Amino acid sequence: MIEVRDLVKHYGEVRAVDGVNFECPDGQVTGLLGPNGAGKTTTLRMICGLIRPMRGTVIVDGHDVRQDPAAVRRALGVQTDSSGTYPRLTPREHFTYFGGFYGLSGPDLSARAQAVIDMLGMGEFADRKTQGFSRGQRQKVILGRALVHDPRNVIMDEPTSGLDVMAVRETRDVIRMLRDRGHCVLFTTHYMDEAAKLCDRVAIIIRGRIAAFGSPAELIEKTGCDSLEDAFVALAGGAQGLLVSEYANADGNGNASGDRNASGRTR
Ligand SMILES: Nc1ncnc2c1ncn2[C@@H]1O[C@H](COP(=O)(O)OP(=O)(O)O)[C@@H](O)[C@H]1O
Ligand SMILES: [Mg+2]
């Protein structure tokens with residue numbers, strides 16, 4: 001379980017993250033949605049302890065990221081779009097290398113590496129050097145090494161961006177499987193249909209603030225829209241000041257009344 005409380009990070013004038021609160025329960029997929037530059041990656045980086053928040057706290061499975069970063073690291077698997085792979089290492093070597101950082105060794109480490117290879121369907125290329133791998137194959141290496149220590153909480157930054165159709169489907173299947181195994185999954189995406197299909201709950205972040213929080217069905221109902229994409233446009237427009245909106249500082253319980261015209265903006 002990941003709990004984010006009043007998280008703030010500014011870069012000079014830019015309020016990248018400006019008082020963000022949400023929580024991601026175990027056994028559920030939480031989507032963090034927002035336009036480019038909304039603060040998604042900065043939020044994820046603070047959760048992982050890669051960036052120090054100016055204010056606020058992150059609690060992962062009861063551990064405060066500031067007080068016990070090592071415990072948080074053990075409890076978290078993180079796949080970000082920016083991490084690379086080592087061209088001279090095979091996927092299996094990646095997994096054993098990274099597993100070692102988490103204190104795994106010997107037969108336990110080999111077994112975990114194999115479990116990840118099986119889980120991600122990497123058998124055919126698990127022992128080939130990653131040089132020349134397709135983007136989808138590299139993505140699996142990055143995801144696999146995030147999962148090698150079997151973390152309860154899994155964070156992914158745009159896991160399906162730039163992948164072909166098959167790789168996108170496989171990634172979504174992995175997300176569902178993690179959820180079904182009781183993991184807490186938090187990921188970001190630009191794709192509203194993906195969020196609608198995969199997410200139990202979504203947090204919509206606009207300009208560093210949570211504009212809405214709830215299940216896709218709840219957000220659709222709240223805005224009177226037909227789809228999550230339309231709801232997103234309505235909420236994003238409202239929070240950016242294009243419309244009068246109660247969602248700008250919403251705690252997830254925003255009141256839909258008076259915001260009906262938000263749906264007029266869809267399209
Ligand atoms: N290291 C940084 N230095 C300065 N500004 C940054 C830095 N990282 C992010 N920002 C700014 O913070 C805002 C949020 O960025 P980011 O969290 O990457 O957004 P998202 O992932 O939602 O696209 C953007 O305006 C971005 O330009
Ligand atoms: Mg980002």
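This is a predicted model: local features need pLDDT of at least 70, side-chain atom pairs count only at pLDDT 80 or more; totals for chains, interfaces and linings use all residues.
Biologist: How do I read a sheet, and in what order do its strands lie?

Modeller: The general idea is that strands of a sheet pair through backbone hydrogen bonds, either parallel or antiparallel. Here, 6 strands form an open sheet with mixed pairing, and their order is β6-β7-β8-β3-β9-β10. Each of the edge strands, β6 and β10, pairs on one side only. On average, neighbouring strands of this sheet are turned by 15° against each other, ignoring direction.

Biologist: Can we zoom in on one pair? In which sense do β3 and β8 pair?

Modeller: Strand β3, residues 29-33, and strand β8, residues 184-189, pair in the parallel sense over 5 bridges.

Biologist: Which strands does α6 lie across?

Modeller: Helix α6 lies across β3, β7 and β8, and runs at about 155° to β8. Now compare helix α8, residues 216-223: this helix lies across β9 and β10, running at about 105° to β10.

Biologist: Now a helix by itself. How far does α5 reach from its first C-alpha to its last?

Modeller: A helix has an expected span, counted at 1.5 Å a residue. Helix α5, residues 135-147, has 13 residues and reaches 18 Å, close to the 18 Å expected.

Biologist: Which residues of α5 are buried, and what covers them?

Modeller: Burial is judged by counting neighbours: a residue is buried if 20 or more other C-beta atoms lie within 10 Å of its own. In α5, the buried residues are Q139, K140, V141, I142, L143, G144, R145, A146 and L147. Their cover includes the strands β6 and β7 and the helices α3, α4 and α6.

Biologist: Last one! Which residues are around ligand 1?

Modeller: List the shell, then ask which elements supply it. Around ligand 1 you will find Y11, V14, A16, G34, N36, G37, A38, G39, K40, T41 and T42. The elements giving two or more residues to this shell are β2 and α1. The largest share, 3 residues, comes from α1.

Biologist: And how do those residues divide by type?

Modeller: The shell around ligand 1 has 4 nonpolar, 6 polar and 1 charged residue.

Notes
Residues are numbered from 1 along each chain as its sequence is written. Chains are lettered from A and ligands numbered from 1 in the order in which they are written. Helices (H or I, at least four residues) and strands (E, at least two) are DSSP runs, numbered from the N terminus. The expected span of a helix is 1.5 Å times one less than its number of residues. A residue is buried if 20 or more other C-beta atoms lie within 10 Å of its own, exposed if 12 or fewer, and partly exposed in between; C-beta atoms are placed from the backbone. Two residues are in contact if their C-beta atoms, placed from the backbone, lie within 7 Å. A residue is near a molecule or strand if its C-beta atom, placed from the backbone, lies within 6 Å of it. Ala, Val, Leu, Ile, Met, Phe, Trp, Tyr, Cys and Pro count as nonpolar, Asp, Glu, Lys and Arg as charged, and the others, Gly among them, as polar. Two strands pair if DSSP finds at least two bridges between them. Axes are lines fitted to C-alpha atoms, for helices over the stretch in contact, and angles run from 0 to 180 degrees between N-to-C directions.
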